[in-house]
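Please look at the sequence and the structure below.

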Amino acid sequence: MSIIKVADLGISSGVNTPAFQAELDTEQSITDGTTTVIAFETKTLDTDNCYSTSTYRFTPNKAGKYFVYAQTYPDAQANSQLDDCFLYLYKNGSEIFQSGANFNDNNPRNHWLNLSFIVDMNGTTDYLDVRIFIDDDSGNPRLQSTKSAFSAFRITGA
């Protein structure tokens, strides 16, 4: 499975902007059993400088509906150790959408998580971030860097 590159969608200035994509540059260690903000620290696209690599938030400067996508690859670092994992989309500090898996005693080592959602944003104070929850038996979960991305683009005005 490959990461969808927003830049490859032909987004041009004005029509579907603001738009951004951020990725993990390095593997991120996650505290076992704790919901954690994903540190998407490398911007590969940011048409209007609306994504912060210090807070890992997307704060668009135009009101409208936004298509949001995120993908991660939780890894327990040991075979048959991943109990469950959940990917969350947060708006203004509150969960609005989730994707996840509970393996019910058939535990793998790792698993793809994806989410896509359409979100109304006010263009001034609304912000989005992505969080992860991983529970594993090894106690050392992480996110693979080359398989994790967060992106959004405006699809309509308010």
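The side chains of Asp129 and Arg131 meet in a salt bridge, at 2.8 Å from N to O, where a salt bridge is a side-chain nitrogen of Lys or Arg within 4 Å of a carboxyl oxygen of Asp or Glu. Both Asp129 and Arg131 are buried, a word that stands for under 20% relative accessible area, while exposed stands for over 50% and partly exposed for what lies in between (1.4 Å probe, protein chains only). Arg131 also lies over the face of Tyr90, at 3.8 Å from the ring centre; a charge sits over a ring if NZ of Lys or CZ of Arg is within 6 Å of the ring centre and within 35 degrees of the ring normal. Arg57 lies over the face of Tyr127, at 3.8 Å from the ring centre.

This is a predicted model, in which local features need pLDDT of at least 70 and side-chain atom pairs count only at pLDDT 80 or more, whereas totals for chains, interfaces and linings use all residues. Residues are numbered from 1 along each chain as its sequence is written, and side-chain values use heavy atoms, with hydrogens and water left out.

By the salt-bridge rule the count comes to 6, and the table lists some of them.

| Salt bridge | N to O distance |
|---|---|
| Asp129 and Arg131 | 2.8 Å |
| Glu27 and Arg142 | 2.9 Å |
| Asp46 and Lys43 | 3.0 Å |

Glu27 is partly exposed, with a relative accessible area of 41%, whereas Arg142 is buried, with a value of 14%. Salt bridges that share partners join Glu27, Asp75 and Arg142 into one network.

Strand E7 (residues 82–91) has 9 of its 10 residues buried, so it is largely enclosed by the rest of the structure. Two strands pair if DSSP finds at least two bridges between them, and E7 is joined by 9 bridges to strand E10 (residues 128–136), the two running antiparallel. Lys91 has Leu128 as its bridge partner in E10. E7 also pairs with strand E8 (residues 94–102) in the antiparallel sense, over 8 bridges, and there the partner of Asp84 is Asn102. The hairpin of E7 and E8 has 2 residues between the strands, and in this hairpin Asn92 takes a positive phi near 55°.

A search of the whole structure finds 12 aromatic pairs, counted when rings of Phe, Tyr and Trp (its six-membered ring) have centres within 6.5 Å, with planes under 30 degrees apart taken as stacked, over 60 as edge-to-face and the rest as tilted. Among them, Phe20 and Tyr51 are stacked, at 4.8 Å centre to centre and 5° between the planes. This pair links distant parts of the chain, with Phe20 in strand E1 (residues 19–23) and Tyr51 in the loop between strands E4 (42–46) and E5 (64–72), 31 residues apart. Phe20 and Tyr51 are both buried. Phe58 and Tyr66 form an edge-to-face pair, at 5.7 Å centre to centre and 70° between the planes, and each of Phe58 and Tyr66 is buried. Phe20, Phe40, Tyr51, Phe58, Tyr66 and Phe150 form one aromatic cluster.

Technical notes. Helices (H or I, at least four residues) and strands (E, at least two) are DSSP runs, numbered from the N terminus.
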